[in-house]
Amino acid sequence: MKRRTLGGLALAGLPGLASAKEAPRMDALAEDFIEQLWQVDTETALAVGRFDFAARLTPPSAEQRERRRRLLKAWLPRFESLAPATLTPLQRMDREILLAQIRSDLWQLDELREWAWNPAAHNPASALDKILHTDWAPMHERVNALQQRARQLPAYYQAARQSLADVTREHTALALQQLPGVLSVLEEGESAAQQVGQGAITQPIWNAARAAVSGYEAHLMRLLPTARRSFRLRAALYEAKFRHDIQSARSARETYELALQRREAVLAGMAREADVLWPQLFASEPPPQDRFARIGRVIDQLSSRHVARERFVDEIRAQIPQLEAWVREKDLITLDPDKPLVVRETPEYGRGVAGAGIEAPGPYRPQDATYYNVTPLDDALTPEQAESALREYNHWILQILNIHEAIPGHYTQLIYANRATSRVKALFGNGAMVEGWAVYAERMMVESGYGDSPEMRLMYGKWHLRSVTNTVLDYSVHVLGMKQPEALDLLQRQAFQTEQEAREKWRRVQLTAVQLTSYFSGYSELIALREQLQARPGFALKAFHEQFLSYGSAPVRLIAAEMLGR
């Protein structure tokens, strides 16, 4: 356990800092709350590794939402009543995290109400896939649990249909895109049932489940032509969602303005690298005076160096050991060789939002594999679209992507999170901390000399500009009303992204809100923390990394307060 220090004196373990009565009570209350929460949210319970809930499917019904609301309202005053002065520093952090989580859940239930306007929020496929493909029990037990869930799907989709009102066209289209993936998982379940000798007995269950999916699809097809709700959150909802999701010391507006400042600094650095590379690439041709045109020409020329389309996923798989070796050689952070990372094609039910992402096991089963999901550049893309994607993820950018998603980014951070000093810090992860660490990991590797060249520095600038631009784009679209042509210009001409990448990001910003700000928000707070600690005697980079990650996925704001000894 890391200890808070003040003037070199370790404080967290000294007697008298927390009462003998309140400190143990906080831990017991947290455990009680978590166990009660799982009773009304079996989907999240399963996602974090509680397979004792595998056979129970939580329907998205009004009754279920009321159960959750009553639970949250009952627990909120219990945690509010705990006096912070009576708790240890780490318990105070847990209390803040739980209070924020409860208030956020209540706000989402009663103010955001995404369950009413986002049909894609009602997607049971990930849990079905996890039950079948995680080695938590013998196959016949997994099949039994899967069948119990499949038996409940008609009621689940009926509740989803009754919940929906005033949907957005964009989220309805996403739900329709993902429904074939649900059917695919059901087909796998039925095949597994046949393999364990239960196929004939359970055939009606699978038939009814498929019919429920088809019924939901038909319902969404009827809703789609009349979907009128805007996907834009607008200022009031956006600021509130930013406050609940990001938990930053800054507002959404302040973060947007900081991103604009950072954008100028990144562009200035990219211009310097482009000026170095220009004569190597274009000989005596004079460079354009326009900064965007000059940088863009150099990036476009370099982007022709990329992996073959059919080797995209394989190349990602091959780079993971190389990143592990570099991190160990430079002694940047301790890696755990016993925690498996599996690179795989993104399951069909999970496609349509991001092209790559980490799917980590929960703190209840940290021994399970972490999946690095990568959407292949398959026949769904035209040759032109695939080439555009490959140029975006060129020789240098693909390496930075793997740093971000895998080592020492998300995969590494989430392993540390599962070892956190309490379940609270691991279970209720802050997205800005998670994404902020991954963005910081990119900088960490470049600073250590990884891929040292003007080409890598330029491409790192482009990738880092993406994180910054995400914040500018998200706020501009949802609050300032930015339209598609302006968004594509921001992404392509001003951030040097390919057309395919820019169009996918435009789609993503319509389907999500605030999440795109988490990258820069978390990073900017993390790098500010490092700069403050570097100014103190005895700073050691590896120790800083490991101490920072020891707090689980707590908000950077809370980790910073702890590490700075506030």
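Reader: Starting with α18 and α19, are those two roughly parallel or antiparallel to each other?
Author: Roughly antiparallel: in this predicted model, helix α18 (residues 431–447) and helix α19 (residues 454–478) pack at an angle of about 160 degrees, their axes 11 Å apart, and α18 and α19 are therefore in the roughly antiparallel class. The classes run like this: under 35 degrees is roughly parallel, over 145 roughly antiparallel, 65 to 115 roughly perpendicular, and the rest oblique.

Reader: How do you get axes and angles?
Author: Axes are lines fitted to C-alpha atoms, for helices over the stretch in contact, and angles go from 0 to 180 degrees between N-to-C directions. Helices themselves are DSSP runs of H or I with at least four residues, strands are E runs of at least two, and numbering goes from the N terminus.

Reader: What about ground rules for the model?
Author: Local features need pLDDT of at least 70 and side-chain atom pairs count only at pLDDT 80 or more, while totals for chains, interfaces and linings use all residues. Residues are numbered from 1 along each chain as its sequence is written, and side-chain values use heavy atoms, with hydrogens and water left out.

Reader: Back to the pair. Is the crossing of α18 and α19 left-handed or right-handed?
Author: Left-handed, in the sense that the near helix is turned anticlockwise from the far one by less than a right angle, with clockwise being right-handed. On the α18 side, V439, E442, R443 and V446 make the contact, and they meet Y460, W463, H464 and S467 of α19. Contact here is heavy atoms within 4.5 Å.

Reader: How do the residues of that α18 and α19 contact divide?
Author: Four are nonpolar, two polar and two charged. Nonpolar covers Ala, Val, Leu, Ile, Met, Phe, Trp, Tyr, Cys and Pro, charged covers Asp, Glu, Lys and Arg, and the others, Gly among them, are polar.

Reader: Now α11 and α12. At what angle do their axes cross?
Author: Roughly 60 degrees, with the axes of α11 and helix α12 (residues 291–302) coming within 8 Å. That makes α11 oblique to α12. Their crossing is left-handed.

Reader: Which residues meet there, in α11 and α12?
Author: Quite a list: α11 brings residues including L267, A271, A274, W278 and F282, and α12 brings residues including F292, I295, V298, I299 and L302. By class, the contact of α11 with α12 has 14 nonpolar, one polar and six charged residues.

Reader: And α13 with α15, left-handed or right-handed?
Author: That crossing is right-handed. The axes of α13 (residues 312–330) and α15 (residues 395–405) come within 10 Å and cross at roughly 65 degrees. F312, E315, I316, Q319 and L323 in α13 meet L398, Q399, N402 and I403 in α15. Five of the contact residues are nonpolar, three polar and one charged.

Reader: Switching to single residues. Is R149 buried or exposed?
Author: Buried, with a relative accessible area of 0%. The cut-offs are under 20% relative accessible area for buried, over 50% for exposed and partly exposed in between, using a 1.4 Å probe on protein chains only. R149 is in helix α7 (residues 139–163).

Reader: What is R149 in contact with?
Author: Beyond neighbours within four places in sequence, its contacts are T42, E43, L46, F53, A54, A55, R56, L57, A127, L128 and I131.

Reader: Where does L233 sit?
Author: In the loop between α9 (199–223) and α10 (234–246). L233 has a relative accessible area of 8%, so it counts as buried. Setting aside neighbours within four places in sequence, L233 touches L112, W117, Y238, K241, H478 and A513. G481 lies 248 residues away along the chain, yet the C-alpha atoms of L233 and G481 are 9.9 Å apart.

Reader: How about α10 itself, which residues are buried?
Author: Y238, A240, K241, F242, H244 and I246. Their cover includes α4 (89–112), α11 (252–282), α18, α19 and α22. Just after α10, Q247 takes a positive phi of about 55 degrees.

Reader: Last one: which residues of α21 are buried?
Author: Q500, E501, A502, K505, W506, R508, V509, Q510 and L511. What covers them includes α8 (169–195), α14 (383–392), α19, α20 (484–492) and α22 (518–534).
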